[in-house]
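This report describes the fold of one protein chain and then turns to a single residue and its surroundings. The structure is shown first, and the account follows.

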Amino acid sequence: MLGNLVDNACRWCRGRVRVSASARDGAVAVVVEDDGPGLDPAAASAVMARGRRLDEGVPGHGFGLPITLELAELYGGGLSLGRSDLGGLRAELRLPA
C-alpha cells in the first residue's frame, strides 16, 4: 500500500515528496504528500475507481489507488485524498494499530 502511494507521489511531484506517520486512538496514519498539481475533489473520487486514469500521458494502469483503498478497508482502515500544504496531493492511509 505504501509503495503505491509513494510511487504516485514520485510520479506526480515537481521535486518534493513528504512521508509522515503517527499513532493515535488505536490507529496508525501514514501520510504521503507531494508538491505536484494535486487533484480537485471530483478527480480525487474518480481516481479511486479501478482502471480510471485522468492522464493517459503518464505511465501507469490506474489500479494503484483503488487497490490501496481496497486493502486498507480489508484491514479495517481507509484511504483519503486531499490537498497537501506542499501544493499537491495528500494521501492518508489509516490502519488499526
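## Basis of the description

Contact, as the word is used here, means heavy atoms within 4.5 Å. The model is a predicted one, in which local features need pLDDT of at least 70 and side-chain atom pairs count only at pLDDT 80 or more, while totals for chains, interfaces and linings use all residues. Residues are numbered from 1 along each chain as its sequence is written, and side-chain values use heavy atoms, with hydrogens and water left out.

## Overall architecture

The protein chain contains three helices and four strands, where helices (H or I, at least four residues) and strands (E, at least two) are DSSP runs numbered from the N terminus. Along the sequence these elements follow the pattern α-β-β-α-α-β-β. Among contacts with a separation of 6 or more, 47% are between residues 24 or more positions apart.

Of the 97 residues of the protein chain, 34% count as buried, a term that stands for under 20% relative accessible area, with exposed meaning over 50% and partly exposed in between (1.4 Å probe, protein chains only). The accessible surface comes to about 5,600 Å², and carbon and sulfur atoms contribute 53% of that area; such areas come from the Shrake-Rupley method with a 1.4 Å probe, and for residues only the protein chains shown count as cover.

## The sheet and its helices

The four strands form an open antiparallel sheet in the order S1-S2-S4-S3, two strands being paired if DSSP finds at least two bridges between them. Strands S1 (17-24) and S3 (78-83) are the edge strands, each pairing on one side only, and the twist from one strand to the next averages 15°. Eight antiparallel bridges link S1 to strand S2 (residues 27-34), and Arg 18 has Glu 33 in S2 as its bridge partner.

Helix H1 (residues 2-12) lies across S1, S2, S3 and strand S4 (89-96), and runs at about 20° to S2. Helix H3 (residues 64-74) lies across S3 and S4, at about 135° to S3. Axes here are lines fitted to C-alpha atoms, for helices over the stretch in contact, and angles run from 0 to 180 degrees between N-to-C directions.

## The surroundings of Thr 68

Thr 68 lies in helix H3 and counts as buried because its relative accessibility is 0%. Apart from neighbours within four places in sequence, Thr 68 is in contact with Met 1, Asn 4, Leu 5, Leu 79 and Leu 93.

The side chains of Thr 68 and Asn 4 are also joined by a polar contact of 3.1 Å. A polar contact is a pair of N or O atoms within 3.5 Å; within protein, one must be able to donate a hydrogen and the other to accept it, and residues adjacent in sequence count only if both atoms are side-chain atoms.
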